[in-house]
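Hello,

Please have a look at the structure below, and then read on for what I found in it.

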Amino acid sequence: MKQYGLKAIPTATGGPAPTLIQVMSGQIDVGWSAPPFGLDLIDQNKIRVIATGNDAAAFKGQTVRLLIANLQALRARGDAIKRYMQAYRETLDWEYSDPAVLEHYAAWLNIPLPTAQRTRDGFFPKQALDPDRIVGLDTIVNDAVELKYTQAPLTKEQLGELIQIPRR
C-alpha cells in the first residue's frame with residue numbers, strides 16, 4: 001500500500017480459505033493466499049494475482065520469513081536447536097536439488113506435479129527461504145517502530161542478542 005500510495009483499508013480475514021470466501025462473495029475486494037491454494041482458480045480465470053511478495057519493493061529488500069526460538073529454549077536446548085538448523089539447511093538444499101522432492105510434495109498435497117513445481121519455483125525461491133540470510137534490517141526495524149511493534153529502534157547490542165544464526 002505504501003509503495004503504490006493505495007488508500008485501502010486493511011482488514012483481518014483469517015487464512016487463505018476464509019479470505020477466498022470473502023473475496024468471492026464481495027465482502028472484500030482483495031485478499032491474500034499462499035500457493036498452491038487458489039492456483040486452480042487463477043488458471044480458470046476466476047481470480048487474478050495482482051501482486052506477490054516477490055513483487056513488493058519492501059519485500060525484495062528485506063527478510064520476511066524466519067525461524068524463531070524464545071530465549072529460554074535457546075539457552076536450555078541450544079545444541080538441539082543447532083542440530084535442527086543444520087537439518088533444516090540440508091533439507092532446503094535437498095528440496096531444490098532433487099527432482100523427487102516435487103513428487104513427494106505433489107503426493108502430500110494431492111496436487112498435480114506441475115502445480116507443485118509452479119508453487120516452489122514461482123512463489124518460494126530458495127534464496128527467500130535461506131535461514132542464514134537477514135536482509136534489510138534497517139527497514140525492518142523502522143517498520144517495527146512505525147507499526148508500533150516496538151517503541152524505539154533496537155540498539156546494535158539488542159539486535160545482536162535478538163538475531164543469533166547458528167553457524168553452518
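To start with a term you will need, contact here means heavy atoms within 4.5 Å. This is a predicted model, in which local features need pLDDT of at least 70 and side-chain atom pairs count only at pLDDT 80 or more, while totals for chains, interfaces and linings use all residues. Residues are numbered from 1 along each chain as its sequence is written, and side-chain values use heavy atoms, with hydrogens and water left out.

Let's begin with Arg 89, which lies in helix α5; helices are DSSP runs (H or I, at least four residues), numbered from the N terminus. Is Arg 89 buried or exposed? At 1% relative accessibility, Arg 89 counts as buried (buried is under 20% relative accessible area, exposed over 50%, partly exposed in between, with a 1.4 Å probe and protein chains only). Neighbours within four places in sequence aside, Arg 89 is in contact with Pro 131, Asp 132, Ile 165, Pro 166, Arg 167 and Arg 168.

Pro 131 and Leu 67 are 64 residues apart in sequence, yet 7.1 Å apart in space, C-alpha to C-alpha.

Now for α5 as a whole. The buried residues of α5 are Gly 78, Met 85, Arg 89 and Leu 92. They cover an arc of only 65 degrees around the axis, which puts them on the same side of α5 (the arc is that of the directions from the helix axis to the C-beta atoms). Why can this happen? An α-helix has 3.6 residues a turn, so residues three or four places apart point the same way. Cover for the buried residues of α5 includes α4 (71–76) and α8 (126–129). On the face turned away from the buried side, α5 carries the exposed residues Asp 79 and Arg 83.

In α1, Thr 19, Leu 20 and Gln 22 are buried. Seen down the axis, these buried residues fall within an arc of 165 degrees, so they line one face of α1. They pack against α2 (39–43). After α1 comes Gly 26, with a positive phi near 80 degrees.

Enjoy exploring!

Technical notes
Helix = DSSP H or I, 4+ residues; strand = E, 2+ residues; numbered from the N terminus.
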